[in-house]
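The entries follow in the order I looked things up.

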Amino acid sequence: MVKCAVRYAAVILVLGLLWKGAALMAGSGVLPHPEVACIAFVRALGTGGFWADFASSAYRAVTAMVLAWGVAFPLGLVMGSSRRVDGILAPFVFLTYPIPKIVLLPVFLLLFGLGDVSKIAMIALILGYQVLVTTRDGVRAIHPKYFDSVRSLGGSRRHILLEVLVPAALPHGFTALRLGTGVAVAVLFFVESFATMHGLGYRIMDAWGRMDYVNMFIGILGMSLLGAVLYEAANFLEKRMCRWMSAGRK
Amino acid sequence: MVKCAVRYAAVILVLGLLWKGAALMAGSGVLPHPEVACIAFVRALGTGGFWADFASSAYRAVTAMVLAWGVAFPLGLVMGSSRRVDGILAPFVFLTYPIPKIVLLPVFLLLFGLGDVSKIAMIALILGYQVLVTTRDGVRAIHPKYFDSVRSLGGSRRHILLEVLVPAALPHGFTALRLGTGVAVAVLFFVESFATMHGLGYRIMDAWGRMDYVNMFIGILGMSLLGAVLYEAANFLEKRMCRWMSAGRK
Amino acid sequence: ANENVTIRFGVLPVLDTLPMQVAVQEGFFADAGLNVELVSFASALERDTAMQAGLLDGYFGDLIATCLLVRQGVPMRIALTSYRTTPGSPMFGIAVGSGKAEATLADLRGASIGYSRSTIMEYLLDRISEKYGLAPDYFRRIEVKKIPIRLQMLMDGQLDAAILPEPLMSLVEYKGGAVVLTAEDMDMPLTVLCLHERFFADEGRIYRRFADAYAKAVEHLAETPEKYRGLMARTCRIPPPLAPKYPIYRYPAPALPTAAELDDVQDWMIAHDMLKQRMPHARLLPGNVR
Amino acid sequence: MLRAGDLCKRYPDGNAVLENVSFELAADETLAVVGPSGCGKTTLLYVLAGLTQCDCGTVTLDGAPIAESRRDVSIILQDYGLLPWKSVVENVALGLKVRGVARGERLVRAAEQLQELGIYGREGDYPANLSGGEQQRVAIARAFVTEPRLMLLDEPFSSLDALTREKLQGTMLEVWKRKRVPYVLVTHSLEEAVFLGRRILVLSGRPARPVACFDNPGFGSEGYRDTESYYAMLRELRRAVEAAW
Amino acid sequence: MLRAGDLCKRYPDGNAVLENVSFELAADETLAVVGPSGCGKTTLLYVLAGLTQCDCGTVTLDGAPIAESRRDVSIILQDYGLLPWKSVVENVALGLKVRGVARGERLVRAAEQLQELGIYGREGDYPANLSGGEQQRVAIARAFVTEPRLMLLDEPFSSLDALTREKLQGTMLEVWKRKRVPYVLVTHSLEEAVFLGRRILVLSGRPARPVACFDNPGFGSEGYRDTESYYAMLRELRRAVEAAW
Ligand SMILES: Nc1ncnc2c1ncn2[C@@H]1O[C@H](COP(=O)(O)OP(=O)(O)OP(=O)(O)O)[C@@H](O)[C@H]1O
Ligand SMILES: Nc1ncnc2c1ncn2[C@@H]1O[C@H](COP(=O)(O)OP(=O)(O)OP(=O)(O)O)[C@@H](O)[C@H]1O
Ligand SMILES: [Mg+2]
Ligand SMILES: [Mg+2]
């Protein structure tokens with residue numbers, strides 16, 4: 001715990017120094033100095049406005065992650081484990097995957113309106129693809145001997161799913177989740193550009209538009225914080241749920 | 001080969017039908033009808049302009065992918081295999097990962113100028129994080145017995161790297177590459193919004209701005225094509241380089 | 001019978017929308033039985049998309065985007081001019097960075113200028129060039145769609161000049177740059193407010209209520225401008241250092257763009273491949289009103 | 001009754017592995033299979049268990065295709081086949097879970113079975129933390145606990161020390177005597193084959209063809225291992241094997 | 001000379017595995033280690049090879065800590081330790097690669113070694129396509145091909161059929177006679193221990209403690225397996241084992 005805190009502190013220090021260097025180099029007002037931004041950030045931490053933004057962004061990101069994971073992880077399991085299903089669905093995935101999802105905005109607005117639903121759906125869609133590809137690839141790499149093991153006990157497809165596919169794919173699902181934390185937060189930046197005046201993405205955009213770089217960096221630091229929290233949460237969940245990963249001769 | 005083509009054709013057909021449904025539903029001009037877009041797309045395939053856009057986008061995406069992979073894959077190897085290095089670098093990664101990279105654009109422009117370099121660097125940065133996380137997680141899941149195996153032969157760190165880490169991480173690297181094809185193409189959409197008048201992303205943005213939706217969908221279909229080509233290329237490479245993955249009782 | 005009408009109105013965080021904000025804050029719309037809900041968008045793209053998806057009943061935007069939307073079949077009409085170029089109160093112009101602050105127009109031949117194609121920015125750039133007799137290639141035009149990035153590139157010296165809206169032009173001046181040319185005396189309507197067709201029905205009953213409430217806001221704003229400084233700073237993206245002293249503009253009383261002005265814009269759009277032919281004015285303007 | 005008729009199989013990338021392997025196993029019989037390394041014994045068991053398709057031939061258990069009665073068959077795989085993400089006791093209980101036994105009961109039964117095989121207090125460990133012999137015993141426990149109608153054993157005692165091995169061979173025989181569950185035992189030890197096989201099938205080198213099948217009437221008799229007929233059988237088997245491989 | 005002094009080890013989650021294990025192995029000697037399943041034999045070999053740290057005690061080869069001379073030690077792991085992404089011949093050649101042998105030469109030498117152990121024409125296959133016994137022989141080839149100064153063998157013949165096993169035991173002895181490479185052989189077969197161990201170390205159940213160490217003077221003599229002294233040794237060992245486990 002203490003070690004973890006020390007490490008974080010050291011990393012933040014180094015990042016701060018790098019930032020300071022960049023700020024000195026950039027000269028003009030583009031990049032605020034880290035100490036200025038940090039003081040402002042700490043001060044912002046004491047305001048309700050910041051936490052309101054943080055909460056709406058967190059709500060959108062977390063809901064979207066849950067949604068994306070809930071849909072794409074099972075789908076990835078099925079695609080990874082059945083060549084037939086994969087043969088049918090894989091071309092769908094990689095023909096539609098590269099489409100910049102932001103162009104689907106009209107369709108989403110039409111379907112889900114201007115509120116949080118369309119924002120969450122957009123994040124979930126982008127995340128979902130990543131969870132899908134990671135899970136599918138992970139499942140395809142499972143050694144066939146484990147299927148034989150369960151089948152030899154008379155296990156049905158359902159048992160193969162529950163006893164082999166899910167536990168073996170779980171670490172890959174967590175990789176996807178870790179990847180997703182960053183993506184979700186980054187996508188926030190785009191979906192919070194319509195029909196909202198709350199959220200860290202909105203704050204960044206708004207401050208950027210008025211060249212209020214200190215406020216912009218409060219938003220960026222807030223995103224960083226949100227991402228780190230989500231990332232650590234994913235780590236924690238994985239440690240709890242994949243304890244077997246660390247078994248073996250030491 | 002033929003089967004593959006048939007499957008693609010079927011998938012494209014289904015996507016077309018879905019699209020048609022959506023277009024009928026959307027009613028207004030937001031979504032052109034698929035047949036209109038497809039005819040326009042086929043016609044565009046015969047023009048030099050489309051291929052010039054395709055080529056510049058492909059150049060940017062591929063260069064960025066090579067760059068990202070070249071830097072992040074080795075880094076992921078090191079982080080995944082050494083708890084010490086991971087302890088130092090991991091907090092860096094997940095504190096900076098969630099920052100929406102687009103806000104770093106000014107810094108990139110400052111460093112790399114207005115040309116293709118800053119565009120490529122931006123795509124590579126975003127991709128790099130994904131390759132890094134995927135590779136690192138993959139390497140961490142390698143069973144320790146393989147390290148023992150090489151060490152028991154007197155292998156040094158270098159041998160562990162070359163004989164265990166690289167081959168075992170390669171499939172994960174390819175997962176990252178597959179993920180990356182989509183991300184690279186999606187990011188193109190943003191980096192082509194400045195200082196260029198070529199590229200599929202530019203075409204989409206420009207057409208969207210003038211509400212020329214048919215042209216916009218030519219760009220989107222072009223992106224889809226580019227993504228599919230890159231995805232298949234990654235698949236092909238993996239099949240060649242990870243043949244061992246398909247060994248085992250059948 | 002002042003039945004309550006809900007109008008979801010899409011706006012951008014720009015200066016032009018200040019009267020709308022005032023009207024909402026002061027309850028002028030509510031008094032007129034209009035439940036106006038301002039939906040803010042960070043950029044025109046999302047606003048247009050929402051408009052096309054039929055999620056908005058009203059809309060603030062420039063004439064170019066308006067024409068495009070109408071051409072796309074969006075059932076809306078121009079309700080009134082939101083901002084008109086006014087001498088002394090520029091809204092768009094060409095700014096140069098601190099490196100070129102001393103440069104005159106003549107020095108800027110061949111200088112790079114950041115703009116955004118197929119938008120009001122390009123239209124104004126063309127019109128300004130025409131007015132000052134500059135050839136279309138007088139500047140080296142570089143497309144940078146996103147305004148914050150354009151601004152930053154200007155400040156970093158990666159662009160010699162940029163076409164920018166207020167209050168960013170003032171910000172450039174504040175940071176040591178200069179404004180070279182503005183569109184302030186071009187005498188043209190830049191931005192308009194539009195409403196869905198249905199509000200013009202019944203001889204424009206609702207439309208008139210809307211326009212009256214808006215007129216009240218404009219008056220009010222002209223009388224006690226300082227009262228709304230805070231509102232302006234919050235909703236119109238005024239950079240913090242400028243906020244205390246930024247002049248509060250006078251907004252035109254409700255009026256419609258003239259047919260000639262609409263034709264001018266449409267001709268430009270036709271020349272730039274954004275329109276095939278002029279649209280009849282009846283499609284753009286309210287017809288049977290008053 | 002297990003009946004294997006004319007089994008043939010080749011792996012996609014190689015020559016044949018099984019060539020016309022046929023045999024029958026009555027309901028209270030046991031069969032020991034010996035064959036040189038790499039001849040196709042494991043493949044044969046996979047085919048018998050219905051885990052892999054053969055190119056021709058059929059396997060039936062009491063007249064029905066084996067695929068339909070997989071629940072009645074237990075198999076001990078050569079590489080144990082334990083799931084690394086399940087604890088030892090969960091691995092053993094898996095067969096019961098598949099058969100719908102309630103959680104509490106199956107864990108108790110699994111733990112008992114483990115103790116019978118000499119694994120104490122390791123229920124919560126993961127297989128990766130067990131020694132080779134311990135893993136093998138977990139695999140044996142897994143096959144025993146479901147009380148199958150047929151057992152297929154692929155070198156089930158290969159990683160056990162001499163005494164444990166003898167003890168488990170004794171257990172195996174006892175279980176058979178009590179329940180008369182027929183089994184097919186692949187083994188490398190000729191002694192084991194004679195001790196545990198009512199009949200002994202000798203396979204040729206790859207591709208595996210039956211070259212001899214011995215009747216072993218002394219099987220199961222009290223103190224068989226110390227009798228003259230045991231040694232005679234062993235010698236005979238050894239001669240056959242030396243001639244064939 | 002290999003010297004193990006007072007080795008102790010416990011796994012983080014359990015009781016002790018090794019308890020004061022000490023022995024010496026002269027340059028031309030061989031040692032067979034027998035112990036009940038799960039007592040700690042594999043752990044002992046890992047410690048001897050320097051693959052895992054022990055909690056106390058030291059291992060030295062010719063006076064230097066084992067970690068410094070890992071290149072001179074070959075080990076056959078109980079689970080073979082083949083790399084699934086390398087073909088059979090590459091797996092065997094890996095030890096040579098580590099030692100900087102040129103590609104052409106090492107592949108030739110690896111292929112020869114494989115043939116000596118009865119694996120023909122499988123050079124290009126991946127380990128997953130081999131049978132258990134074939135994999136084990138690949139692992140043996142891998143350990144033999146590097147011509148080490150010390151060999152550590154963890155049940156190297158457990159998956160081989162009786163005849164192949166005897167043949168390879170003979171090969172092992174011959175190689176030792178030619179090159180006098182000392183080895184530590186962990187085995188479950190008492191016969192094998194007597195046949196291949198100049199000395200025989202009997203370990204107790206977990207935690208492993210040396211309970212007896214036999215001198216086996218007949219080791220290596222012509223036709224030892226058919227002599228009376230072989231059987232006497234075997235009987236003595238068996239008695240010790242039965243008393244200890
Ligand atoms: N990584 C580990 N964590 C905890 N306990 C372990 C671990 N590895 C082995 N053990 C335990 O240590 C003991 C000794 O294991 P080891 O593998 O050395 O036994 P062994 O003598 O080789 O047995 P076998 O003959 O069955 O191979 C066993 O009880 C085993 O369960
Ligand atoms: N998936 C596979 N692809 C190709 N060849 C295979 C495959 N699996 C096994 N073989 C080959 O088929 C033959 C028979 O294999 P099998 O595992 O059945 O042998 P076995 O009799 O069990 O040998 P052992 O006693 O060594 O375990 C071997 O030569 C093996 O190399
Ligand atoms: Mg086998
Ligand atoms: Mg062992």
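**Entry 1: the sheet in chain D.** I note first that this is a predicted model. I traced the sheet in chain D and found six strands in the order E6-E7-E8-E3-E9-E10. The sheet is open, and its pairing is mixed. I then looked at the edges, where strand E6 (73-76) and strand E10 (210-215) of chain D stand. Each has a single partner strand, so one side of each has no neighbour in the sheet.

**Entry 2: one strand pair.** I picked strand E3 (residues 30-34) and strand E8 (residues 183-186) of chain D, which run parallel and are joined by four bridges. Which residue of E8(D) does Val33(D) face? I found Val186(D) opposite Val33(D).

**Entry 3: helices on the sheet.** I looked up helix H1 (residues 41-48) of chain D, which packs on the sheet and touches E3, E6, strand E7 (150-154), E8 and strand E9 (199-203) of chain D. The direction of H1 makes about 155° with that of E7(D). Helix H4 (residues 132-144) of chain D also packs on the sheet, touching E6 and E7 of chain D. I noted about 175° between the direction of H4 and that of E6(D).

**Entry 4: magnesium, ligand 3.** Which protein atoms coordinate this magnesium ion? I found OG1 of Thr42(D) and OE1 of Gln78(D), at 1.9 to 2.2 Å. Thr42(D) lies in helix H1 and Gln78(D) in the loop between E6 and helix H2 (88-98) of chain D, so the pair ties together parts 36 residues apart in sequence. Are these two residues buried or exposed? Both Thr42(D) and Gln78(D) are buried.

**Entry 5: magnesium, ligand 4.** I turned to chain E, where the protein donors of the magnesium ion are Thr42(E) (OG1) and Gln78(E) (OE1), 1.9 to 2.2 Å from the ion. Thr42(E) sits in helix H1 (residues 41-48) of chain E, and Gln78(E) in the loop between strand E6 (73-76) and helix H2 (88-98) of chain E. I recorded both Thr42(E) and Gln78(E) as buried.

**Entry 6: ligand 1.** How many residues surround ligand 1? I have 23, and the closest are Gly133(D), Glu134(D), Lys41(E), Thr42(E) and Thr43(E). The surrounding residues come from chains A, D and E, so the site is shared between chains. I then listed side-chain polar atoms beside oxygen atoms of ligand 1: Ser131(D) at 2.6 Å, Arg122(D) at 2.7 Å and His188(E) at 3.1 Å.

How values were computed:
Residues are numbered from 1 along each chain as its sequence is written. Chains are lettered from A and ligands numbered from 1 in the order in which they are written. This is a predicted model: local features need pLDDT of at least 70, side-chain atom pairs count only at pLDDT 80 or more; totals for chains, interfaces and linings use all residues. Side-chain values use heavy atoms; hydrogens and water are left out. Donors are N, O and S atoms within 2.8 Å of the metal (3.2 Å for Na, K and Ca); water is not among the atoms, so sites may look incomplete. Helices (H or I, at least four residues) and strands (E, at least two) are DSSP runs, numbered from the N terminus. Buried means under 20% relative accessible area, exposed over 50%, partly exposed in between (1.4 Å probe, protein chains only). Two strands pair if DSSP finds at least two bridges between them. Contact means heavy atoms within 4.5 Å. Axes are lines fitted to C-alpha atoms, for helices over the stretch in contact, and angles run from 0 to 180 degrees between N-to-C directions. A residue is near a molecule or strand if one of its heavy atoms lies within 4 Å of it. A polar contact is a pair of N or O atoms within 3.5 Å; within protein, one must be able to donate a hydrogen and the other to accept it, and residues adjacent in sequence count only if both atoms are side-chain atoms.
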